[in-house]
Amino acid sequence: MDDASEKDDDARIDAIAGAVAAERRGPLISPGELAADLDRFTVLDVRYVMGGPPGREQHAAGHVPGAAYVDLDQDLADPPGAGGRHPLPDEARFEAAMRRAGVRRDRPVVVYDDWQGRAAARAWWLLRHHGHDDVRVLDGGWSAWLTDGHPAEAGEPHTEPGDFTLADAKQMAVVEADGVLAVDVLVDARAPERFAGETEPVDPVAGHIPGAVNVPTSDNLDERGRFRSPSELREAYARVGADSSDAVAAYCGSGVTAAHDVLAMEVAGIRAALYPGSWSGWITDPSRPVETGR
């Protein structure tokens with residue numbers, strides 16, 4: 001065997017070992033676990049609320065010590081268009097943003113927001129998709145960090161540039177518009193009234209993709225705004241027919257909060273694909289079918 005082949009084999013072994021280790025750890029980390037070993041992690045602040053105050057201002061006012069700010073609209077999405085309101089970001093731009101934020105391949109990453117994990121899940125998904133094998137979401141986010149009595153830091157932290165490089169092989173499954181209707185279980189992460197088409201405050205067409213089932217992101221959380229246990233999440237998704245033996249995919253309005261359902265299913269041991277265009281991308285083609293009702 002030549003040196004190149006040996007290096008390729010070593011890389012594959014390392015990738016498999018990393019994936020197995022990540023699966024054992026799970027995709028969540030508690031505030032206490034992060035605080036106990038904070039220096040070991042690269043922490044990303046992804047605070048964002050649709051229509052809410054700018055996350056950068058919130059970050060400057062106070063953040064997890066050392067956390068770099070990542071802008072969802074600028075760093076984790078492309079401009080709106082045929083791919084929906086939040087298409088997946090240009091890969092080179094995403095890689096550059098992660099390097100600016102200090103992300104390294106050999107250092108674990110924790111992402112958080114103050115939107116009960118909905119924006120953080122997008123960052124988690126993108127980093128995992130592009131080959132980082134140790135990424136976790138801070139369970140409960142910024143609110144939980146403060147509630148549990150951990151310190152905050154204001155201002156702009158000094159961030160050493162990272163060396164994160166996108167992997168050639170993508171790690172998280174994606175389904176596009178032409179394959180959505182063939183998925184065994186298609187999960188819609190929006191609120192029930194939007195799923196049913198009873199109201200639509202954002203997009204020009206109301207309703208859902210035919211055959212979809214509804215698991216709102218709020219169903220993934222307990223009364224404290226933290227993720228339910230793996231067994232509770234397995235039960236919640238089993239009620240709509242999703243389990244580890246199915247081909248499962250999730251979508252939402254713009255492709256952001258669907259990652260929250262993907263994350264919840266990951267906690268439950270169900271590997272789900274993401275439809276990035278989601279409802280806002282689906283309805284850009286008027287020939288695509290629309291369904292209403294619950």
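Visitor: In which sense do strand 6 and strand 8 pair, and over how many bridges?
Guide: This is a predicted model, where local features need pLDDT of at least 70, side-chain atom pairs count only at pLDDT 80 or more, and totals for chains, interfaces and linings use all residues. Residues are numbered from 1 along each chain as its sequence is written, and side-chain values use heavy atoms, without hydrogens and water. Strands are DSSP runs (E, at least two residues), numbered from the N terminus, and two of them pair if DSSP finds at least two bridges between them. Strand 6 (residues 185–188) and strand 8 (residues 248–251) pair in the parallel sense over 4 bridges.

Visitor: Which residue in strand 8 does Leu186 stand opposite?
Guide: Strand 8 covers residues 248–251. There, the residue opposite Leu186 is Ala249.

Visitor: Which strands stand at the edges of the sheet?
Guide: The open sheet has 4 strands in the order 7-6-8-9. Each edge strand has a single partner strand, so one side of each is left without a neighbour in the sheet. The edges are strand 7 (213–214) and strand 9 (272–274).

Visitor: How many residues does the largest nonpolar core have?
Guide: Such a core is a set of buried Ala, Val, Leu, Ile, Met, Phe, Trp, Tyr and Cys residues joined through side-chain atoms within 4.5 Å. Buried means under 20% relative accessible area (1.4 Å probe, protein chains only). Leu44, Trp124 and Tyr237 are among those with the most contacts inside the largest core. That core has 54 residues.

Visitor: How many residues are in the second, separate core?
Guide: Its members include Ala177, Phe195, Ala249 and Trp282. The count is 15 residues.

Terms used:
Buried means under 20% relative accessible area, exposed over 50%, partly exposed in between (1.4 Å probe, protein chains only).
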